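This briefing is meant to be read beside the sequence and the structure. It takes up surface patches, strand pairing and salt bridges in turn.

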Amino acid sequence: MGEKLTGVNPKIIQWARERARYSLESVAVKFKKDVSVIEKWESGEDFPTYSQLEKLAEIYKRPLALFFFPEPPLEAEEKQEFRTLPDFEIENLAADTIYALRQAKAMQLSLSEINNDINPSTKKIFQDISVSSSDDLRKLAEQIRNYLNVTLEEQLTWNDRETALKKWRSAVEEAGIFIFKRSFKQREISGFCLIDIEFPIIYLNNSTEKSRQIFTIFHELAHILLQTNGITKSDDRYINSLQGENKYIEIFCNKFAAEFLLPNHVFSEIIRETIVNDKIISKISSDYKVSREVVLRKLLDNNLISQKEYTLKVSEWYSEQVVKSQDKNKKSGGDYYANQATYLGENYLKLVFNKYYQGQYDIERVADYLNIKKVAMVEQLEQYLLDKGLF
């Protein structure tokens, strides 16, 4: 057994575990140790070895040096950062989701370092457009659509939802907001956004349907334009638990995303002389590359269905999607390099590799920015991107 690190701060070990939302029991299982071993590390009765501390750092997603700090670093609590999610929902965020939020903050720092603190986009929607939750939704949607330079007619020409997702992601990134993806273990999380003066970002759950990802982009865009962080869930009944401005912001973001993707005056014309049923809902969803929930929300807002009908149908569809997602995950985990390219996005990858080609970064630093552990994997990712003609 290796030498024990008596310089480790027990308070940091406990703090890191609690911040990562792990129980003592779950950490003990990962180490194949009795719970008392972890308890002694946290009380200072005993200390981990170097290899054990390395494993702790990996589990909690923290730099190893942190465990030697005299005090835990100051970090804003999720309840302070995400005011439009009720406290009980914040408390139910999984360890993987908490890590994703921390990873997103690290990506913002990376973007700042790579670009010398200045967003490289020639236009920045979050600086050019000022939004209030009292704004007229139709006018705001038209203003932002004009800013992104994507007409409704062009939207209708896209062949499928995958194409639509790529187009919308590209349009929003060109407007200065980087969009990243990951597969969340907490399936009901659709995505989130983090605001910033120069580098606001959006994260999407790649495990959700493409139409859901599209909706999440514009829900989070509304959050960014309102200068509020946001976490979006597939089941939005939590909104009923919110109060005051926080509740109004979530309702506004949902309505904006729906109005932007399927303007109400257009929707009203479509259904004017149509008997609405599941087949019609699916057709509108397919034509405009939106989720069936967006169409259903339009029907609710236009008093064509009741709240009860809306809730039951959304619940039914969500159950179907969960089954499909589970079946898909059983079949294949996908290609690692294809996933990395999708998760990080062409825009970010080009920024990092351009610095590498210009001799400003060595390959080890590139690996850090791409969150890749082995240098050889960077070279293989580069080859994948070259083979796909992305570089």
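Which residues form a nonpolar patch on the surface? In this predicted model, the patch is formed by Tyr-357, Leu-386 and Phe-391, which together have about 260 Å² of accessible area. The points below place one member of that patch in its helix, and then turn to a patch of charge, a set of paired strands and several salt bridges.

**Surface patches**

- Tyr-357, one of the residues of the nonpolar patch, is found in helix H19, which covers residues 346-357, and the residue counts as partly exposed because its relative accessible area is 42%.
- A patch of negative charge also lies on the surface, where Glu-25, Asp-34, Glu-39 and Glu-45 gather.
- Among these, Glu-25 belongs to helix H2, residues 24-31, and with a relative accessibility of 47% Glu-25 is classed as partly exposed.

**Strand E2 and its partners**

- Strand E2, residues 189-194, is mostly covered, since 6 of its 6 residues are buried, that is, under 20% relative accessible area.
- E2 runs antiparallel to strand E4 (residues 230-233), to which 4 bridges join it, and within this pairing Gly-191 has Thr-232 of E4 as its bridge partner.
- E2 also pairs in the antiparallel sense with strand E3 (residues 201-205), again over 4 bridges, and here Phe-192 has Tyr-203 of E3 as its bridge partner.

**Salt bridges**

- The count of salt bridges in the model comes to 25.
- Arg-19 forms one of them with Glu-75, with the closest N and O atoms 3.1 Å apart; this pair links distant parts of the chain, as Arg-19 is in helix H1 (residues 10-19) and Glu-75 is in the loop between helix H4 (50-60) and helix H5 (78-81), 56 residues apart.
- Arg-19 is buried, at 11% relative accessible area, whereas Glu-75 is partly exposed, at 31%.
- Arg-19 also forms a salt bridge with Glu-77, where the closest N and O atoms are 3.2 Å apart; because Arg-19 lies in H1 and Glu-77 in the loop between H4 and H5, the pair ties together parts that are 58 residues apart in sequence.
- A network of salt bridges links Arg-19, Arg-21, Arg-62, Glu-75, Glu-77 and Glu-78.
- Lys-105 and Glu-81 meet through their side chains in a salt bridge of 2.8 Å, N to O, and this pair links helix H7 (residues 95-114), which holds Lys-105, to helix H5, which holds Glu-81, the two residues being 24 apart.
- Lys-105 counts as partly exposed at 31% relative accessibility, while Glu-81, at 19%, counts as buried.

Definitions and conventions
Residues numbered from 1 in each chain as written. Predicted model: local features only at pLDDT ≥ 70, side-chain atom pairs only at ≥ 80, totals over all residues. Heavy atoms only, no water. Patch = residues over 30% accessible without salt bridge, like charges linked within 9 Å, V, L, I, M, F, W, Y side chains within 5 Å. Areas by Shrake-Rupley, 256 points an atom, 1.4 Å probe, with all protein chains shown as cover. Salt bridge = Lys/Arg side-chain N within 4 Å of Asp/Glu carboxyl O. Lys, Arg positive; Asp, Glu negative; His and termini not counted. Charge placed at Lys NZ, Arg CZ, Asp CG, Glu CD. Buried < 20%, exposed > 50% of the residue type's maximum accessible area, 1.4 Å probe, protein only. Pairing = 2+ DSSP bridges.
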